[in-house]
Structures are given as structure tokens and as C-alpha cells.
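This report describes selected parts of one protein model.

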Amino acid sequence: MFLALAHAAAAPAQSTQVFILPTGTTTLPKAAAGDLPTAALQYVEAALANDQKLVHLNHFSHHHYFVVLADKPTAPQVAEQLRRAGHTLHGQLKAEKVAEVFIENLSTTANAALLLAEGLALTAYQFEGYKTDEKSRKAPELKEVYLVDKSATAAQIHELDGLLQGVLLARDLVNAPLNKLNAVQFAERMAQAGDEAGYTTDILDLAKIEALRMGGLLAVNLGSPEPPTFSILEYKPKNAQNEKPYVLVGKGVVFDTGGLSLKPTPNSMDMMKCDMAGGAAVAGTLFALAKNQVPLYVIGLVPATDNRPGGLAYAPGDVITMHSGLTVEVKNTDAEGRLLLADALSFAKRYEPELVIDLATLTGAAVRALATEASASMGTAEPATLQKLSEAGYAVHERLVEFPLWDEYADHIKSDIADLSNLGKGEAGHISAAKFLERFAVGYPWIHLDIAGPAYLTAAESYRGKGGTGTGVRLLYEFLTKQLA
């Protein structure tokens with residue numbers, strides 16, 4: 001964590017404070033006005049009357065900031081405005097070289113301070129990277145955020161801190177390049193995170209993967225000089241409220257050249273270190289759940305390899321026998337993620353799961369449909385379950401748009417010589433990819449999330465930043481914790 005979150009009974013004198021004010025505030029409440037000089041009070045109230053949402057007072061030795069809640073029609077929209085206000089506030093705190101800040105919530109929105117702190121912390125994230133000059137490696141000035149008195153309980157702050165650590169773990173994994181995070185290193189990093197947080201990791205090596213006949217994962221790995229891995233992350237606390245586990249499956253393609261169906265480099269292959277963002281989200285979610293000791297039984301499955309055109313690389317026209325026994329004709333080696341996921345989805349059946357959710361940067365079609373603003377969702381789970389996941393998406397602003405899995409889409413993945421083709425038509429590619437996965441997600445309710453748009457950003461966007469965003473962690477944590485009785 002770049003920012004430490006903590007509780008404080010009160011803000012010390014001459015400390016930098018942030019006051020969250022109710023919508024429409026034009027007169028400062030006594031708790032915020034304090035002993036401000038008359039001129040300063042008039043300045044702030046004039047700015048509030050002018051509908052400014054963030055007002056700054058520089059006292060030279062310290063600062064005061066006043067954040068006004070936006071007038072939004074829904075609670076999720078208010079929450080998102082607070083996160084974005086946290087992003088804006090961070091810019092000002094950074095410019096003023098503030099080291100610690102005290103946030104006090106004077107609004108009627110109970111969790112306002114937590115949401116503002118969330119936006120601050122996510123904005124403060126910096127990938128450590130590999131620069132060697134002293135300036136680049138200098139630690140940020142802002143290190144501590146305190147939530148004052150009744151703004152949040154110590155337990156709530158601790159939970160937010162654990163969740164954010166999971167998001168930042170996912171971001172770190174996504175931002176690491178292939179030569180620092182191949183499939184074996186990816187598995188080891190997830191295991192190390194488990195040791196820290198409290199989940200166990202079983203890493204299946206090439207021999208075990210071959211014994212399980214995971215034909216999809218093995219085929220994609222054929223062109224790589226490095227072996228694949230299949231990581232099983234298990235979090236099963238003694239007080240778990242569910243007997244059947246929730247199983248999370250994440251695509252773990254640590255780099256995707258496209259294989260023999262080679263990708264173009266600009267704006268495509270050049271950022272394909274992010275193709276394991278689904279697996280990173282699974283690891284981040286397990287980390288957050290374990291760190292916060294959430295009483296749920298959850299398993300994560302992450303098949304991992306890179307996809308290269310070297311050696312004995314699989315080729316268009318090849319026919320693969322999958323873990324489930326189904327055969328797949330390869331029409332395009334760049335449609336590789338679904339092959340890894342298919343083996344993992346088939347493997348998931350052995351756990352007799354309550355629900356399986358997979359996450360993957362799977363298709364350009366999802367990006368074309370939704371850009372970076374949302375993920376595509378599809379599945380066989382009950383409509384009520386899909387609705388609850390959608391509500392969780394709105395709550396954390398990782399929104400989902402549901403697409404159909406009508407029978408007619410099965411025609412898109414027909415093969416003349418095998419049970420399935422790994423490539424659909426030019427249209428509705430995100431749906432045909434999900435229709436392919438549906439054939440392997442048998443015997444349990446299942447939801448597929450295509451996170452190709454929001455998982456990795458090429459330009460900074462508010463608190464999501466630039467690069468890996470950690471998409472999926474806050475969404476799944478919100479959804480899963482809402483399953484508790």
C-alpha cells in the first residue's frame with residue numbers, strides 16, 4: 001500500500017483536514033468552520049455558493065479542503081463521485097507535498113469518508129517499475145490517511161485496506177512485463193501472496209497438466225520455451241458459511257503474441273502483458289477475502305502460459321482434445337484464451353461448486369461494444385444471480401452489460417471436423433467466445449466476464465490510473481461478501 005489507512009479520534013491542531021459536506025452546503029457547519037478567520041470563512045462560503053465542489057484553504061503550515069457531495073439520483077452515482085473527488089483531491093495534496101491528511105465526514109452519507117479514501121488510495125498507486133534514477137524511485141510525500149471519529153469504524157477501515165491491497169496486487173501483476181513474470185513466476189507470486197494473506201496455493205507443473213490432459217493449455221504452450229502452470233488457490237476458513245465453494249477462474253496468458261496468427265504490434269501486441277488480468281483479478285480477490293478473514297469458501301483456478309509462434313507452436317487447422325474430452329478445431333491461434341479457460345472450467349466441476357465465475361481479457365469484440373467503460377457478462381446462472389452481480393458492479397463502478405447466449409450463436413462455433421471451432425464469425429465475437437466456454441461449464445451455474453476493455457488503460461483515467469486497473473477485484477469482493485447470511 002502506498003497509503004496507510006487508519007482511524008483517529010480527532011484531527012490534531014494545525015493538521016491538514018478534509019471535510020465532506022452535504023449536497024447544497026453554502027454555510028459551513030461549526031465542525032468545519034472551527035476557528036477559521038472571518039476572511040477565510042467568507043472565502044469558503046462564497047466558493048460553496050458558487051457551486052464549487054472542492055474548496056482549498058492554504059494556511060501555509062497546513063491546509064483545509066472542503067468536498068461537497070454531488071447531487072446525484074442514486075447511491076452508486078454518489079459513491080463514484082466521491083471516489084473521483086478523491087482522485088482530484090490527491091492531485092492537490094501531491095502538489096502541496098502533504099504527508100498526512102485527516103478526513104471527517106459531515107454529510108449524511110454514512111460511508112462517504114471511506115469512498116473518498118478509496119479514490120485517494122487507488123489514485124496514489126504507483127507501479128514500482130524498474131527505473132534506476134533516484135528521482136523516479138523517491139517515495140510519494142503522502143503516506144497516511146486518517147478517518148476521524150465517527151466517519152468510519154476501525155473495522156471498516158481495516159476491511160477497505162485489505163480490499164485495496166488485493167486491487168493493488170492485481171495491478172502489480174498486470175503491470176509486470178513477461179521477462180519479469182512468466183507463467184512460473186506468476187504462479188509463485190500468487191503463492192507468495194497467499195502465504196501473506198492466508199490462502200493456500202497448489203501449483204500444477206507441466207507433468208501434472210499433461211496427466212490431467214489439459215489439451216487447451218498444453219496446445220497454447222507448445223510455442224513457448226517456458227512451461228505452463230495451473231494454479232489452484234484455496235481459501236477455506238473454519239467458519240465458512242458455504243459448503244460448496246465459489247470458484248473463480250482467471251485467464252493467465254502472461255503474454256500473447258497471437259501465436260502463428262501473429263498480432264500487429266502497435267496498440268495490440270505491445271500491451272499484451274495484460275492478457276493475464278483475469279488471473280490477476282482472481283489472485284487479488286482471494287487475497288482480499290483472506291486478508292479480511294471473510295467467512296466464505298472460495299477457490300481460484302488460474303491456467304497460465306505465454307502464447308508464442310516458436311518451436312512446435314500449434315497451428316491453424318490443428319485439432320485439440322480438451323480436458324473434458326471434447327475436440328476443438330483451431331481456426332486462429334490468437335483465440336487462445338478460451339482454450340485455457342475451457343480446461344479450467346471443465347476442471348472446476350470436481351469441486352461441485354455453488355457458482356463459477358470466470359474473468360478474461362478475451363475479445364476485441366467486447367472492447368468494440370463497450371470500450372473501457374464496462375465488461376460484458378453472460379452465463380447460465382439464475383437471472384437473480386446475474387442481477388446481484390450487476391448490482392455489485394454498479395456499487396463499485398465496475399459495471400456489467402449482459403449479452404445473450406441464445407442457441408443460434410452455437411452455429412458460430414461449428415466445425416466440419418471437430419466438436420467445436422475456437423473461432424466464431426466476424427460479428428458478436430464476445431458472444432461466440434462465451435458460447436464456446438458454455439460447452440465446458442457443465443454441471444454448475446456459471447457466469448463469464450469479458451474484461452478486455454477496462455482491465456488495462458493506455459491513458460490515465462481518474463483513480464483507475466494508467467496500465468493495469470485491477471478490474472474485477474472490487475466487483476467480486478462486493479458480490480461475494482453480499483452472499484453472507
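## Helix α7

The model is a predicted one. In helix α7, the buried residues are Ala 183, Phe 186, Ala 187, Met 190, Ala 191, Ala 193, Gly 194 and Ala 197. Viewed along the axis of α7, these buried residues fall within an arc of 160 degrees, so they line one face of the helix. In general, an α-helix has 3.6 residues a turn, so residues three or four places apart point the same way. The cover over the buried residues of α7 includes the helices α6 (154-175) and α10 (277-291), together with the strands β7 (200-204), β8 (229-235), β10 (252-256) and β11 (298-307).

Helix α7 runs over residues 183-197. Its 15 residues should span 21 Å at 1.5 Å a residue, and the end C-alpha atoms are 21 Å apart, which agrees. At the start of α7, the backbone nitrogen of Val 184 has a side-chain oxygen of Asn 182 within 3.1 Å. Just after the helix comes Gly 198, with a positive phi of about 120 degrees.

## Nonpolar cores

The largest nonpolar core has 97 residues. Those with the most contacts inside this core are Ile 103, Val 145, Phe 186, Tyr 199 and Leu 449. Another core lies apart from it and has 51 residues, among them Leu 217, Phe 347, Ala 376 and Tyr 409.

Leaving aside residues up to four places away in sequence, Tyr 199 touches Met 190, Ala 193, Gly 194, Leu 233, Glu 234, Tyr 235, Ala 283, Leu 286, Phe 287 and Ala 290. Of these contacts, Met 190, Ala 193 and Gly 194 are among the buried residues of α7.

## Helix α13

Helix α13 has 14 residues, 383-396, and reaches 20 Å from its first C-alpha to its last, close to the 20 Å expected at 1.5 Å a residue. Its buried residues are Leu 386, Leu 389, Ser 390, Ala 392, Gly 393 and Val 396. They cover an arc of only 155 degrees around the axis, which puts them on the same side of α13.

These buried residues pack against α3 (75-95), β16 (400-402), β18 (446-450) and α15 (473-481). His 397 follows α13 and has a positive phi, near 65 degrees.

## Asn 422

Asn 422 sits in the loop between β17 (420-421) and α14 (429-438). Is Asn 422 buried or exposed? Its relative accessible area is 0%, so Asn 422 is buried. Not counting residues up to four places away in sequence, Asn 422 touches Val 328, Glu 329, Val 330, Lys 331, Asn 332, Ala 335, Arg 338, Leu 339 and Phe 436.

Note on methods:
Residues are numbered from 1 along each chain as its sequence is written. This is a predicted model: local features need pLDDT of at least 70, side-chain atom pairs count only at pLDDT 80 or more; totals for chains, interfaces and linings use all residues. Side-chain values use heavy atoms; hydrogens and water are left out. A nonpolar core is a set of buried Ala, Val, Leu, Ile, Met, Phe, Trp, Tyr and Cys residues joined through side-chain atoms within 4.5 Å. Buried means under 20% relative accessible area, exposed over 50%, partly exposed in between (1.4 Å probe, protein chains only). Contact means heavy atoms within 4.5 Å. Helices (H or I, at least four residues) and strands (E, at least two) are DSSP runs, numbered from the N terminus. The expected span of a helix is 1.5 Å times one less than its number of residues. The arc is that of the directions from the helix axis to the C-beta atoms. A polar contact is a pair of N or O atoms within 3.5 Å; within protein, one must be able to donate a hydrogen and the other to accept it, and residues adjacent in sequence count only if both atoms are side-chain atoms.
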